[in-house]
Amino acid sequence: LEGMLIAAWAVEAETCFIYMRDEYPAVLEILRREIKALEDAGVVAKGYIDLRRGAGAYICGEESAMIESIEGKRGIPRHRPPFVAQVGIFNKPTLVHNVETLLWVARVVREGPECLNATELNGRKGLRSYSVSGRVKNPGVHVLPAGSTITDIIAAAGGMMDGHTFKAYQPGGPSSGLLPASMHDVPLDFDTLQPHGTFIGSAAVVALSDKDKARDAALNMLRFFEDESCGQCTPCRVGCEKAVKLMQADTWDKPLLDDLCTAMTDASICGLGQAAPNPIKMVMKHFPDEV
């Protein structure tokens, strides 16, 4: 809340909206309590911070779909232009931030820039919250230097589980696809993964072991996208469904999957459909023996 109010002050915002999915009732209760405390203390006017509950749609992580949802409509991404900074919520210029950014805004203002830029690793400055899961001993959110490699991240998560050998990893959410264990020295940060056809995204890191199949992991990701596609555009809606069918074959039809990936990447409205083919492309590139 502190970081949000700093950002609101900086842009002279008329209203603040917090969008929190309804699967986190404890967080919603904390937010209600803290917003009331701010109002009672006279820090903000009553109603200045508007807490909106989302219905748990992954697509509402896309900023314009979230705005549609806050407005009481179906959460589907808008066409651009105009961008939300010009025409956002209720047609007003809107600043959209991830809560992690606002956390760091508050800390930097309170503690000085050193709390963020004093940490340097592999030529990258700052800290990042990595959400680590998969075949590691201590899954969870680990705050580490922004230049951390998958080796550093697995070590911070207690190492691989007993009896499991590191095989592959998802560097930043399902849209980022899979990288092989041989690429263990790449810093997981902004701009460092693009040359390898992927990105840091949400920094949701999943470690896979020799007990896992990369093709199964990719299929799982595409099933997720099939479920979470808002259905607005044909390349994503039909493309995800078609990909799931093709990926269940014993031997993948690589030319057809390549064509499908190109169509989805080029023609989808938003990042969900554009990035959904990444798991397919990366399994064909890095794990061809499995498909």
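**Entry 1**

I am working with a predicted model. I looked up the second largest pocket, and its volume is about 220 Å³. Next I asked which elements give two or more residues to its lining. They are β5 (127-134), β9 (204-209) and α7 (214-228). I noted that α7 gives the most, with three residues. The lining includes Ser131, Gln170, Pro174, Val206 and Phe224. I sorted the lining residues by type: five are nonpolar, five are polar and none is charged.

**Entry 2: salt bridges**

Side chains of opposite charge can pair when their charged atoms come close. I searched the whole structure and found 21 salt bridges.

I looked at Glu68 and Arg78, whose closest N and O atoms are 2.7 Å apart. Glu68 lies in helix α3 (residues 63-70) and Arg78 in the loop between α3 and α4 (99-111), so this pair ties together parts 10 residues apart in sequence. Are these two buried or exposed? Glu68 is buried, at 12% relative accessible area. Arg78 is buried too, at 18%.

Then I checked Glu71 and Lys73, which form a salt bridge at 2.8 Å. Glu71 is buried, at 18%, whereas Lys73 is partly exposed, at 44%. I noted that Glu68, Glu71, Lys73 and Arg78 are linked in a network of salt bridges.

**Entry 3: a pair across the sequence**

Lys167 and Glu290 meet in a salt bridge, 2.7 Å from N to O. Lys167 lies in strand β7 (residues 166-170) and Glu290 in the segment after α11 (278-286), so the pair ties together parts 123 residues apart in sequence. I found Lys167 partly exposed, at 22%, and Glu290 buried, at 17%.

How values were computed. Residues numbered from 1 in each chain as written. Predicted model: local features only at pLDDT ≥ 70, side-chain atom pairs only at ≥ 80, totals over all residues. Heavy atoms only, no water. 1 Å grid on protein atoms, 1.4 Å probe; cavity = no way out; pocket = protein on both sides within 12 Å on 5 of 7 lines; lining within 4 Å. Points joined across faces, edges and corners; volume = space filled by probe spheres on them. Helix = DSSP H or I, 4+ residues; strand = E, 2+ residues; numbered from the N terminus. Nonpolar A, V, L, I, M, F, W, Y, C, P; charged D, E, K, R; others polar. Salt bridge = Lys/Arg side-chain N within 4 Å of Asp/Glu carboxyl O. Buried < 20%, exposed > 50% of the residue type's maximum accessible area, 1.4 Å probe, protein only.
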